[in-house]
Amino acid sequence: LPIEVVHRLAGRLLPGSRVSIWQVTERQLTLLTGAGHPAKDPSLINSVIETGVAITTITSGSDEWTQVIPLTLQDELAGLLVVTYPLPEHGEKADIELLDLLSDYTRSILSHFRLLRQITRAKRQWERTFDALADPLMLVTPEYVVMRANSGAAGVNKLTPQQFVGKRCHEIFRQLPAPCPGCPLPKLMETKEPAFLE
């Protein structure tokens, strides 16, 4: 998985580091990977969310740096990358270029998550609309196999919509072993235009 790659990449770039990736949706944090709160001090997180500016701090009582990096997509805060790594011997911070590389990769993962969420939401809306229509509707492959049926179609034969899936439409409606005479599907496939049969 892409998120696991972030952990491996962090381990190679910053040995001994721990990473958590947080998605920010309407100012709410959702943990995508990692463990625990993104920082022991919630004010750090709130500050990054408010300002969009990365914060680096030494974890109190330990020899670790914690870097909280905002991840923006199209000028909107989409998430946080929190990297905790051992304090180097001389106290310097980790190489900024390494953290930039890690945050760029994480940003692209968040972009994919966001796109997937939008597609899933659109699919659910489409399914609800399809199922709410009273007229019988089916999605059928060129081989006459039903991929989806709404309750209107299912009501014709007193079946559930799920019982239609995987069966051929001519077998369901006419109990025929071959397509119905005059079926508009072959014409539709040939012309790529709507076809009608009453």
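**A walk through the structure, starting from the core**

Of the 18 residues in the largest nonpolar core, the ones that touch the most other members are Val19, Leu81 and Val83. Several elements contribute to this core: helix H1 (2-13), strand S1 (18-25), S4, S5 and helix H3 (96-132) each supply at least two of its residues. Keep in mind as you look around that this is a predicted model.

Setting aside residues up to four places away in sequence, leucine 81 touches Val19, Ser20, Ile21, Gln67, Val68, Ile69, Leu71, Leu102, Ser103 and Thr106.

Next, follow the chain through strand S4, which covers residues 64-73. How many of its 10 residues are buried? Nine are, so S4 is largely enclosed by the rest of the structure. Strand S5 (residues 76-86) pairs with S4 in the antiparallel sense, over 10 bridges. To see one of the pairings, find threonine 66, whose bridge partner in S5 is threonine 84. The hairpin of S4 and S5 has two residues between the strands, and here glutamine 74 takes a positive phi near 50 degrees.

Tyrosine 144 is not a glycine, yet its phi is positive at about 75 degrees. This tyrosine lies in the loop between S6 and S7, and tyrosine 144 counts as buried because its relative accessibility is 14%, under the 20% limit. Threonine 141 sits in the loop between strand S6 (138-140) and strand S7 (146-149). Threonine 141 counts as buried too, at 16% relative accessibility. Leaving aside neighbours within four places in sequence, threonine 141 is in contact with Met147 and Leu185. Lysine 192 also has a positive phi, near 60 degrees. You will find lysine 192 in the segment after helix H7 (185-191). Is lysine 192 buried or exposed? With a relative accessible area of 62%, lysine 192 is exposed.

Now for the aromatic rings. A pair of them is described by the distance of the centres and the angle of the planes. The count here comes to two aromatic pairs. Tryptophan 126 and phenylalanine 130 form a stacked pair, 5.0 Å centre to centre with 25 degrees between the planes. These residues are four apart in helix H3, so about one helical turn separates them. Tryptophan 126 is partly exposed, at 40% relative accessible area, whereas phenylalanine 130 is buried, at 7%. Phenylalanine 164 and phenylalanine 173 make an edge-to-face pair, with 5.8 Å between the centres and 70 degrees between the planes. Phenylalanine 164 is buried at 0% relative accessibility, while phenylalanine 173 is partly exposed at 24%.

Finally, turn to the cysteines. How many disulfides does the structure hold? It holds zero. Cysteine 169 is in no disulfide, and the nearest cysteine sulfur, that of cysteine 183, is 5.8 Å away. At 15% relative accessibility, cysteine 169 counts as buried. Cysteine 180 counts as partly exposed, at 24% relative accessibility.

Key. Residues numbered from 1 in each chain as written. Predicted model: local features only at pLDDT ≥ 70, side-chain atom pairs only at ≥ 80, totals over all residues. Heavy atoms only, no water. Buried < 20%, exposed > 50% of the residue type's maximum accessible area, 1.4 Å probe, protein only. Pairing = 2+ DSSP bridges. Core = buried A, V, L, I, M, F, W, Y, C linked by side-chain atoms within 4.5 Å. Contact = heavy atoms within 4.5 Å. Phe/Tyr/Trp six-rings, centres within 6.5 Å; stacked < 30°, edge-to-face > 60°. Disulfide = S-S within 2.5 Å.
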